Amino acid sequence: LNPNPNPNHYPNPNPNPNPSRKNLRDRGFAKTPDVALAMPIGVRVPGAKAGVRIVHWIDSKAMFGDVYTHEREHKEQLMSYVNRYGPGAVIYWFGCARSLQTQNPDILVLPGFPEDADILLPDGSSLAANPSPNANPSPNPNPSSNPNQNPKTPRKFDDPG
């Protein structure tokens with residue numbers, strides 16, 4: 001007798017509620033974002049379109065997000081995620097054209113991962129106020145005193161031309 005007939009039940013008391021890409025594909029989802037969140041988060045957006053955007057999924061691209069590539073190669077893929085999961089975010093690791101951030105209200109385009117203080121949990125608190133219990137404390141509590149450590153490069157939008 002199977003004491004756990006529900007295959008979606010997690011026997012671990014602290015499971016990761018976010019399904020993996022493999023798990024989603026095994027369940028018939030052909031196109032999957034890098035992260036499909038089991039519970040949406042909010043992301044504070046600075047600038048002219050200030051406010052909080054709801055994110056159900058996150059996809060990352062290891063490139064600069066230029067308008068041509070975004071429109072020709074990524075938009076259809078990202079819209080399939082919107083249609084399946086709801087609004088989400090794409091993170092371009094090497095920045096992105098500023099004009100991309102206002103093109104679609106369902107796709108938040110980011111030039112890098114948001115700061116913890118800009119990530120809002122479902123209860124309205126920020127991730128900065130709720131550090132992960134599994135986070136490893138820094139071996140050097142004062143990183144500025146380490147001469148071998150590079151300072152964090154500020155993220156910014158960039159419009160080439």
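**Fold and packing of the predicted model**

The secondary structure of the protein amounts to 2 helices and 5 strands. The model is a predicted one. Along the sequence, these elements follow the pattern α-β-β-α-β-β-β.

The sheet is open and contains 5 strands. Their order is β4-β3-β2-β1-β5, and the pairing is mixed. Strands β4 (107-110) and β5 (119-120) lie at the edges, each pairing on one side only. Helix α2, spanning residues 67-85, packs on this sheet. Its contacts reach β1, β2, β3 (88-92) and β4. The direction of helix α2 makes about 120° with that of β2.

Within the sheet, strands β1 and β2 form an antiparallel pair. Strand β1 covers residues 35-45, and strand β2 covers residues 51-61. The two are joined over 7 bridges. Across this pair, Val45 stands opposite Gly51 of β2.

Contacts and surface were also computed for the protein as a whole. Among contacts with a separation of 6 or more, 57% link residues 24 or more positions apart. The protein has 161 residues, and 29% of them count as buried. The exposed surface comes to about 10900 Å². Carbon and sulfur atoms supply 54% of that area.

Key: Residues are numbered from 1 along each chain as its sequence is written. This is a predicted model: local features need pLDDT of at least 70, side-chain atom pairs count only at pLDDT 80 or more; totals for chains, interfaces and linings use all residues. Side-chain values use heavy atoms; hydrogens and water are left out. Two strands pair if DSSP finds at least two bridges between them. Helices (H or I, at least four residues) and strands (E, at least two) are DSSP runs, numbered from the N terminus. Contact means heavy atoms within 4.5 Å. Axes are lines fitted to C-alpha atoms, for helices over the stretch in contact, and angles run from 0 to 180 degrees between N-to-C directions. Buried means under 20% relative accessible area, exposed over 50%, partly exposed in between (1.4 Å probe, protein chains only). Accessible areas come from the Shrake-Rupley method with a 1.4 Å probe; for residues, only the protein chains shown count as cover.
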